[in-house]
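The stops below can be selected one after another.

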Amino acid sequence: MNDLLSITAHFRLPGEVQEIVPLGSGLINDTYKVITKSGEPNFVLQRINHNVFQNVDLLQQNIEAVTAHIRQRLEERGESDIERKTLHFWPAEDGKTYWTDGNAYW
């Protein structure tokens, strides 16, 4: 977990991380549930398989665009609890929605 904790330190997260556990058994990406202390929201940390998704920047731009579109449509319809119905990204220290350690993308 220490390696994963060092990875989460590069994101602007709300609250302090308590525990990181595997979430499912994906075939392409590695996915983890990050459990926070003090009632802050839990979130998902995912290692992007950049052998499959070779342009991670473009991948994230597309995901952000689709998410923004869905959020806008839900807001226009007056939906409640939009945060639970759309993705929310915690930016990395450089403002991007992903971070790389030079070997992997998160």
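Select glutamate 76 and arginine 73 in this predicted model. The two are 3 residues apart in helix 2, so about one helical turn separates them. Glutamate 76 is exposed, at 54% relative accessible area, and arginine 73 is partly exposed, at 47%.

Next, select Arg77, Glu79 and Lys85, which are linked in a network of salt bridges. Show the contact between glutamate 79 and lysine 85: the N to O distance is 2.8 Å. Glutamate 79 is partly exposed at 28% relative accessibility, and lysine 85 is partly exposed at 43%. The structure holds 7 salt bridges.

Move to aspartate 81, in the segment after helix 2 (56-76). Its phi is near 55°, a positive value in a residue other than glycine. Most residues other than glycine have a negative phi. Aspartate 81 also forms a salt bridge with arginine 84, the closest N and O atoms being 3.4 Å apart. Aspartate 81 is partly exposed at 46%, while arginine 84 is exposed at 70%.

Now select strand 2 (residues 30-36) and strand 3, which pair in the antiparallel sense over 5 bridges. Threonine 31 stands opposite glutamine 46 of strand 3. The two strands form a hairpin with 6 residues between them, and in the turn serine 38 has a positive phi of about 60°.

Finish on strand 3 (residues 43-47), where side chains alternate.

Definitions and conventions: Residues numbered from 1 in each chain as written. Predicted model: local features only at pLDDT ≥ 70, side-chain atom pairs only at ≥ 80, totals over all residues. Heavy atoms only, no water. Buried < 20%, exposed > 50% of the residue type's maximum accessible area, 1.4 Å probe, protein only. Helix = DSSP H or I, 4+ residues; strand = E, 2+ residues; numbered from the N terminus. Pairing = 2+ DSSP bridges. Salt bridge = Lys/Arg side-chain N within 4 Å of Asp/Glu carboxyl O.
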